[in-house]
Amino acid sequence: MSPTAARLATALTAAALLFAAALLALQLIGDLRQLQRMQGDLAEINGVQYGLLNAEVWVEQISTILERRIDGFEVTETNRPQLKQNIEVVLDRLLVEVEGYLHRRNAGGDNWLQRVRGSLQQGVQDLVLDFDELRAQVPTYANAVLDELNRPATRDDIKRQVLAMVRNAADATFTRLDTSRFERALAAHDCHSAPECTDLLRGRLAVEQPRAVRTALTLLALVTALFALTLARRRLPPETMSMLTVATLILLATGVLTPMIEVEARISELRFALLGSPVRFSDQVLYFQSKSIIDVVRILAETGKADMLLVAVLITLFSVLFPALKVIASFLYYYDFHGLRGNAWVCFFALRSGKWSMADVLVVAMFMAYIGFSGLVSSQLSGIARSSRAVEVITTDGTALQIGFFMFLAFVLASLVLSSRLESALGRQTS
């Protein structure tokens, strides 16, 4: 094959690889953003504020336990003696308190007329009420109370009163929870309940996540093949170097537009016993964040605070713009398009902007953040699990590096390879 034909074949192959990589990058960005939304909705639906920290859920569980205990209550020959003894003690104390109150009321008075009237009232009371006789009848009254408790209608009345007291206490103590975000998450996936939506989203994630990983691996394989095909040649024509530059920028765009790290702290299960009945909470998300670099910049900018705006600008400048401009300027400087090699800005970004680029630093920072969050979340959640022997807590640390991180890492490596190739080419030109 002639050199011209070989060069044409290489260029066509490289163009096909680049075109396929661009299409896959667009698909991957869309898929990962969709996965990010689904994961965020799943975390919102299972948020601890709607479960473990929700007073209405506690009222529902406590009410169920109380209903079950009241419905299951029955006076039998086995428990009747103990129940009767307890009721007799209560009734006897009640009679003592009533008798003492009446004596204090009748003995009071600021003048002789009130005292005389009180003495008369006490005399009438002693004639009408014989508290010793009432106390002697306490066992009879206790038996009547026990017989009344065995009536289904009485138990139903007690149940209604107790449950009303529990709900009124909760309404007076806790403010009503804002569930607007919860409702929006359900509506977004056409669900009617949290368990239904949880199963639906987990099913979709189980299908979509492996597919996104396969797409990312295919994209990296295409870019790697493009670099291997073109960098194997001693001399690189402008069209080939331009394709390498575009491929490197594709990796950058994919890295900054997709989530880099996912931080999740979850109580998988919490169990304890209340009145002999189990109380259980599962899949309680304490904290969840999955953000890309662009998401972080947007959130910082939306705060409107000067210090946050400054951080947003610095992240964009040193971690996105400088690396991208360095790759583009290096290409323009090497081929000296329209004399741009003499342009001050092109010279700066091509030759001196490397020390200002924070792309490699960002990769290290994200990796250290992953290690730090993983250790922090694990230690804190294990502390919750050890806090009480009566409460069984199973916790989960879901901190993980995401595809965006590996795409950004691939960009850093590709830019280093491309920069090294350009520097060696410039060295040959000047020698």
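User: Which residues is L28 in contact with, leaving aside its neighbours within four places in sequence?

Analyst: This is a predicted model, in which local features need pLDDT of at least 70, side-chain atom pairs count only at pLDDT 80 or more, and totals for chains, interfaces and linings use all residues. Residues are numbered from 1 along each chain as its sequence is written, and side-chain values use heavy atoms, with hydrogens and water left out. Contact means heavy atoms within 4.5 Å. On that basis, the partners of L28 are A212, T215, A216, L219, T254, I403 and M407.

User: In the largest nonpolar core, which residues touch the most other members?

Analyst: A nonpolar core is a set of buried Ala, Val, Leu, Ile, Met, Phe, Trp, Tyr and Cys residues joined through side-chain atoms within 4.5 Å. Buried means under 20% relative accessible area, exposed over 50%, and partly exposed in between, with a 1.4 Å probe and protein chains only. Of the 60 residues in the largest such core, those touching the most other members are L28, I45, L219 and F408.

User: Which element gives the most to this core?

Analyst: Helices (H or I, at least four residues) and strands (E, at least two) are DSSP runs, numbered from the N terminus. Elements giving two or more residues to the core include α9 (194-231), α12 (306-335) and α15 (403-430). With 12 residues, the element that gives the most is α1.

User: How many bridges join β1 to β2?

Analyst: Two strands pair if DSSP finds at least two bridges between them. Strands β1 and β2 run antiparallel, and their hairpin has 2 residues between the strands. The number of bridges joining β1 to β2 is 13.

User: How many residues apart in sequence are the parts that E44 and R181 tie together?

Analyst: A salt bridge is a side-chain nitrogen of Lys or Arg within 4 Å of a carboxyl oxygen of Asp or Glu. The side chains of E44 and R181 form one, at 3.3 Å from N to O. Because E44 lies in helix α1 and R181 in helix α8, the pair ties together parts whose separation in sequence is 137 residues.

User: Is D295 buried or exposed?

Analyst: D295 meets R298 in a salt bridge of 3.8 Å, N to O. R298, at 41% relative accessibility, counts as partly exposed. At 2% relative accessibility, D295 counts as buried.
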